[in-house]
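Dear colleague,

I am handing over the structure below, and I would be grateful if you read my notes with it open beside you.

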Amino acid sequence: MNDNVLDKLKTLAESAKYDVSCSSSGVGRGHKSGMVGSTSGWGICHSYTEDGRCISLLKIMLTNYCMYDCAYCINRRSNDIRRATFSVSELVELTMEFYRRNYIEGLFLSSGVVRSPDYTMERLVRVVKDLRQIHRYNGYIHLKSIPGASRELVDEAGLYADRMSVNIEIPNEGSLKQLAPEKDFQSVFLPMNYIRQGSLQSKEERKHSRYAPRYVPAGQSTQMIVGATPERDKDILSLSAQLYRDPSMKRVYYSGYVPVNTNDARLPAVVKPPLLRENRLYQADWLLRFYQFSVEEIVDDAYPDLDLEIDPKLSWALRHPEKFPVDVNTADYELLLRVPGLGVKSANLIVASRRFGTLSSWQLKKMGVVMKKAQYFLTCRELPMRTINELSPDRVRRILTKGDKTPMNTQYTLQFSDD
Amino acid sequence: MVAYRYDKSFEGLLTAVFEAYVSKKFPDVLLGENEVAPLFCDEIVDILTDEARSSRVWKGLELRISHSALYTLPDCWLSELPEVDMLIFRYIRKAFDAKESIELNFGDPDVLELSKIWRHVQKERERVLQFVRFQKTADGIYFSCLEPAYNVLPITLSHFIDRFHDQRWIIYDAKRDYGFYYDLKEVTEIHLDDKQWNSNGIIAESVADTDELLFQQLWKGYFDSMTIKERVNPKLHRRNLPVRFWKYLPEKRRR
């Protein structure tokens, strides 16, 4: 370990940081005798970067040399950046020492493609195999699968990694081929299928024998870049919904396009990354996974893009005033989840508490239910005041986006002058 | 107005509940041993902490609320908030008097307040799991020092024992001046008089492992290069990583 390693670490971290996935969740595993470490079910963030993202895993590349020339990627062949390669022992030692100091929750390993996908994949597998078998490391490992890697290697990697991922990057095959001539959808979806089949097979085997090895117990994830190509939110979210049908697919990440390569005519000239759009996509993603929405309800042909001004749930509610107001004291859990401003926690609290008596809006506020949006869509013990039906969807929208400056709210305000 | 005076321990509080039910005189105020009684206090009852009585109250509670709700009470106690003892007292009383379990009745202000305190304590526990940073000493002990807002170290131990069970470590609470030492077999509570670390929790160079500083530099280097400059968001950064922890984090420390 010396200054040389510090340089490599900086270079390779710079190259890896545009991958947004950093969760260490999905698998809870206590310590095993003779091994170091554990994983906690929800994952632990050990630090946060100044852009507010969590640092849970040591997110690093084995090498940032790459034979591909993908327009959106900082590590593409034609870029003039510093290149470095870690040796297996350096990387393993770094991981172990960081882990023992409680800096990290585990390792997130990826790599540029050198020589061939299989050659690269083999080296990645060697690192995780070393960690598990020689250093007896029992913490979290997230391993990137190289597009186009062979089935045998993916299967072997799955025995050591907790989570694996293959990035789709561009949600449309035509656009992908234009930006990354060496890639196509098949090279991405094939490893994804291997992982799915492996994980289903291992689940089946473990039903018969608890000694059967676990295969990628925390499932797989993927990432799409938003704003580099002309795809609409509808295309992106439909693809996500399709991916979530696969039981091993745990997360789809959205990464607002950061203009890392400036002189490429195929890419739009953006000054700031589309952060708001990225945020709205994540909100829609949550609606798909935890709020029992379907894609068609969030985006359709009439509304192919998410509303940037208001969140997708509010936008859905404003388009469907006939479903409201919802009575908190009688409505089903599923219906409560549809109320803008009510989340899973609030809905659970309401369902648990209303068995002891009817709830008033005062109690809801006390419980921590945020009433700013919810008040227009709820009725409680009191008489309904100004719900969406008394006002109008347009009016509610105006109130929530600009603050209410309409006479109805100001009529009780007395104007005093100073003279 | 009735006041109870007890030794400010959790067992003492449970004994107080027992005494209240025996004498049918419920306190309006709970006092510590050296606290001054409020004005217009008619009666001050001194409570002697009693193991048998407190465990009877605990067993009684086990019958009335669920296991998970029961164990939130000692967790809330660790918050050390000034009013938390009275809150727990009222909660236990409601639990005994109600026909069915009250634990999910968040319409009740005491139940709601305790559940909020419990959430805060759990959040602080999580922060300790996140922000403990070990420094390796020359004799191979991993040392860490921080100041949690609540007294949460006791409920973090199981996690650290599980994760770092093959290394010796010390986690020290600088605010309350006590800590825990794990010697590969068991955890003992310790109090260190000879403090070989400075106000930022950095151990003296003479006792640090030779590579310790290097790994701190490597970690800081990694941390700095992870930031995407185009997306910097200081407000979010401070919300996730509260400033009060910064001085103990090698990546946020200025050199």
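Two residues are said to be in contact if their C-beta atoms, placed from the backbone, lie within 7 Å. Helices (H or I, at least four residues) and strands (E, at least two) are DSSP runs, numbered from the N terminus. A residue is buried if 20 or more other C-beta atoms lie within 10 Å of its own, exposed if 12 or fewer, and partly exposed in between, with the C-beta atoms again placed from the backbone.

Please keep in mind that this is a predicted model, in which local features need pLDDT of at least 70 and side-chain atom pairs count only at pLDDT 80 or more, while totals for chains, interfaces and linings use all residues. Residues are numbered from 1 along each chain as its sequence is written, and chains are lettered from A and ligands numbered from 1 in the order in which they are written.

I begin with helix 3 of chain A, which covers residues 117–133 and has 17 residues. From its first C-alpha to its last, helix 3 of chain A reaches 24 Å, close to the 24 Å expected at 1.5 Å a residue, where the expected span is 1.5 Å times one less than the number of residues. Its buried residues are Pro117(A), Thr120(A), Met121(A), Leu124(A), Val125(A), Val127(A), Val128(A) and Leu131(A). Seen down the axis of helix 3 of chain A, these buried residues fall within an arc of 155 degrees (the arc of the directions from the helix axis to the C-beta atoms), so they line one face of the helix. The buried residues of helix 3 of chain A pack against helix 2 (88–100), strand 4 (106–110), strand 5 (140–144) and helix 4 (151–160) of chain A.

Next come two strands of chain A. Strands of a sheet pair through backbone hydrogen bonds, either parallel or antiparallel. Strand 7 (residues 220–226) and strand 8 of chain A run parallel and are joined by seven bridges, and two strands count as paired if DSSP finds at least two bridges between them. Six of the eight residues of strand 8 (residues 249–256) of chain A are buried, so this strand is largely enclosed by the rest of the structure.

Which residue of strand 8 of chain A stands opposite Ser221(A)? Ser221(A), which lies in strand 7 of chain A, stands opposite Arg251(A). Ser221(A) counts as buried, because it has 22 C-beta neighbours inside 10 Å. Leaving aside neighbours within four places in sequence, Ser221(A) is in contact with Ser21(A), Arg163(A), Ser165(A), Lys250(A), Arg251(A) and Tyr253(A). The C-alpha atoms of Ser221(A) and Lys250(A) are separated by 5.7 Å, although the two residues are 29 apart along the chain.

Two places in the loops of chain A deserve a careful look. Most residues other than glycine have a negative phi, and most peptide bonds are trans. The peptide bond from Phe324(A) to Pro325(A), however, is cis, with omega near 0 degrees, and Pro325(A) is found in the loop between helix 10 (312–319) and strand 9 (326–327) of chain A. Glu169(A), in the loop between strand 6 (163–165) and helix 5 (173–179) of chain A, has a positive phi, near 70 degrees. Glu169(A) counts as buried, with 22 C-beta neighbours inside 10 Å.

Chain B has eight helices and eight strands, and buried residues make up 32% of its 255 residues. Five strands of chain B form an open sheet in the order 4-5-6-7-8, with mixed pairing. Strand 4 (135–136) and strand 8 (187–190) of chain B stand at the edges, each with a single partner strand, so one side of each is left without a neighbour in the sheet. Strand 6 (residues 169–173) and strand 7 (residues 178–182) of chain B pair in the antiparallel sense over five bridges, and Trp169(B) stands opposite Tyr182(B) in strand 7 of chain B.

Finally, the contact between the chains takes 42 residues from chain A and 40 residues from chain B. On the side of chain A that touches chain B, the largest share, six residues, comes from helix 1 of chain A.

With best wishes
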